[in-house]
Amino acid sequence: MNLALWIVAGLLAVAYLLGGSSKIVISKERLAAFGPSSRWVDDVSAGGVKAIGALEVLGAVGLILPAALDVAPVLTPLAALGLAIIMVGAAVTRIRRHEFRFMVVDLVYLVLAAFVAWGRFGPESFTG
């Protein structure tokens with residue numbers, strides 16, 4: 001179980017690090033031009049897009065570093081929980097915009113983040 005949690009956390013960390021950093025670096029207009037799955041940025045201010053990106057980068061770092069360095073490992077499930085909350089917001093935005101086809105990816109990320117949060121809460125969550 002520990003190995004599965006590390007693999008899922010690692011994959012999520014890479015995805016959120018890439019996605020979050022692109023939201024920070026790329027302008028809102030260029031993000032919207034990536035295609036129909038990125039049109040959600042029309043509902044959010046430029047600062048809001050940057051804030052979401054920053055939270056995703058912080059969540060990605062929080063999924064790995066606290067547990068890997070054994071410094072405040074309780075931050076790992078909290079980071080996963082925070083990312084799950086972000087994905088709930090993403091799903092709500094997709095529902096409001098009637099973008100149900102794109103919501104599937106958001107729900108997959110939500111389930112994976114919830115799995116990491118669930119698996120990492122508890123005193124023996126990092127043992128084999």
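His98 is exposed, with a relative accessibility of 62%. This is a predicted model. His98 follows α4 and sits in the loop between α4 and α5. The phi of His98 is positive, about 60°, although the residue is not a glycine.

A positive phi also turns up at Ala72, at about 50°. Ala72 is not a glycine either. Its place is the loop between α3 and α4. Ala72 is partly exposed, because its relative accessible area is 39% and the exposed class begins over 50%.

## Overall fold

The chain has five helices and zero strands. Along the sequence the pattern reads α-α-α-α-α. Along the principal axes, the C-alpha atoms fill a box of roughly 45 × 25 × 15 Å.

Of the 128 residues, 38% count as buried. The chain exposes about 7100 Å². Carbon and sulfur atoms supply 74% of that area. Take the contacts between residues at least 6 apart in sequence: 65% of them join residues at least 24 apart.

## Helix α4

Helix α4 covers residues 75-96, 22 residues in total. From its first C-alpha to its last it reaches 31 Å. That is close to the 32 Å expected at 1.5 Å a residue.

Which residues of α4 are buried? They are Thr76, Pro77, Ala79, Ala80, Leu83, Ala84, Met87, Ala91, Thr93 and Arg94. The cover over the buried residues of α4 includes α1 (2-25), α3 (46-69) and α5.

## A nonpolar surface patch

Val74, Leu75, Leu78, Leu81, Ile85 and Phe121 form a nonpolar patch on the surface. Together these residues have about 540 Å² of accessible area. Helix α4 spans residues 75-96, so Leu75, Leu78, Leu81 and Ile85 of the patch fall within a helix as DSSP runs define it.

Phe121 lies elsewhere, in the segment after α5 (100-120).

The structure holds seven salt bridges. Side chains of opposite charge can pair when their charged atoms come close. Asp43, Arg94, Arg96, Arg97, Glu99 and Asp106 are linked in a network of such bridges.

Arg94 pairs with two partners here. The side chains of Arg94 and Glu99 meet at 2.9 Å, N to O. The side chains of Arg94 and Asp106 meet at 3.0 Å, N to O. The Arg94–Asp106 pair links distant parts of the chain, with Arg94 in helix α4 and Asp106 in helix α5, twelve residues apart.

How accessible are the residues in these pairs? Arg94 counts as buried, at 8% relative accessibility. Glu99 also counts as buried, at 10%. Asp106 is buried, as is Arg94. Buried means under 20% relative accessible area.

Another salt bridge joins Lys23 and Glu56. The closest N and O atoms of this pair are 2.9 Å apart. Lys23 lies in helix α1 and Glu56 in helix α3, so the pair ties together parts that are 33 residues apart in sequence.

Are Lys23 and Glu56 buried or exposed? Lys23 counts as buried, because its relative accessibility is 13%. Glu56 is buried too, with a relative accessible area of 6%.

## Summary

The predicted model is a chain of five helices. Helix α4 has buried residues covered by α1, α3 and α5, among others. Leu75 and Leu78 are among the residues of a nonpolar surface patch. Arg94 and Asp106, both buried, belong to a salt-bridge network. The loop between α4 and α5 holds His98, which counts as exposed.

Note on methods:
Residues are numbered from 1 along each chain as its sequence is written. This is a predicted model: local features need pLDDT of at least 70, side-chain atom pairs count only at pLDDT 80 or more; totals for chains, interfaces and linings use all residues. Side-chain values use heavy atoms; hydrogens and water are left out. Patches are made of residues with over 30% relative accessible area and no salt bridge: like charges are joined within 9 Å, nonpolar side chains (Val, Leu, Ile, Met, Phe, Trp, Tyr) within 5 Å. Accessible areas come from the Shrake-Rupley method with a 1.4 Å probe; for residues, only the protein chains shown count as cover. A salt bridge is a side-chain nitrogen of Lys or Arg within 4 Å of a carboxyl oxygen of Asp or Glu. Helices (H or I, at least four residues) and strands (E, at least two) are DSSP runs, numbered from the N terminus. The expected span of a helix is 1.5 Å times one less than its number of residues. Buried means under 20% relative accessible area, exposed over 50%, partly exposed in between (1.4 Å probe, protein chains only). Contact means heavy atoms within 4.5 Å.
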